Amino acid sequence: MPQDKSHLFPRRHLACCHDQLTIPFTLPESDSDYRVNISIYDIKGNMVTQLTNEEYEAGYYTVNWNSMTDSNTLGRGMYIIKFAVESNNINTIVTRKIIKQ
């Protein structure tokens, strides 16, 4: 039975102020590295940007998003952040709301 791994990422929605957002995540000790994919989607489900799609070792990390550097400067509103993590013992997808003010 798969375990809930949503605790790896922030539990509440994230507020994006002044077009900057720091997204924290934690990866527990494991016998293998993790493939982490963090992407931002608009409310219609279109991917706005991919923040990372890389291998990580266990530990605490942050990824920064500057919405002003995207090809289309994003306006205020709600966005969805998708965290996808894969390794030998974890395969999970978690979503969170982002409120851009």
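Mentor: Welcome! Residues are numbered from 1 along each chain as its sequence is written, and side-chain values use heavy atoms, with hydrogens and water left out. As the model is predicted, local features need pLDDT of at least 70 and side-chain atom pairs count only at pLDDT 80 or more, while totals for chains, interfaces and linings use all residues.

Trainee: Thanks! How many helices and strands does the protein have?

Mentor: There are zero helices and seven strands. Both are DSSP runs numbered from the N terminus: helices are H or I with at least four residues, strands are E with at least two.

Trainee: Why is V63 called buried?

Mentor: Buried means under 20% relative accessible area, exposed over 50%, and partly exposed in between, using a 1.4 Å probe and protein chains only. V63 has 8% relative accessibility, so V63 counts as buried. You will find V63 in strand 5.

Trainee: What makes a residue a contact of V63, and which residues are in contact with V63?

Mentor: Contact means heavy atoms within 4.5 Å. Leaving aside neighbours within four places in sequence, V63 is in contact with several residues, including F25, I38, L51 and T52. The C-alpha atoms of V63 and T52 are 7.8 Å apart, although eleven residues separate the two along the chain.

Trainee: Is S87 buried or exposed, and why?

Mentor: S87 has a relative accessible area of 18%, so S87 is buried. Its place is in the loop between strand 6 and strand 7, and S87 touches S30, S32, D33 and Y34, not counting residues up to four places away in sequence.

Trainee: How do you know that strand 6 and strand 7 pair?

Mentor: Two strands pair if DSSP finds at least two bridges between them. Strand 6 and strand 7 have ten bridges, in the antiparallel sense, so they pair by that definition. A hairpin of four residues joins them, and I80 stands opposite K97 in strand 7.

Trainee: What makes a set of residues a nonpolar core?

Mentor: Such a core is a set of buried Ala, Val, Leu, Ile, Met, Phe, Trp, Tyr and Cys residues joined through side-chain atoms within 4.5 Å. The largest one here has 21 residues, and V36, I38 and I40 have the most contacts inside it.
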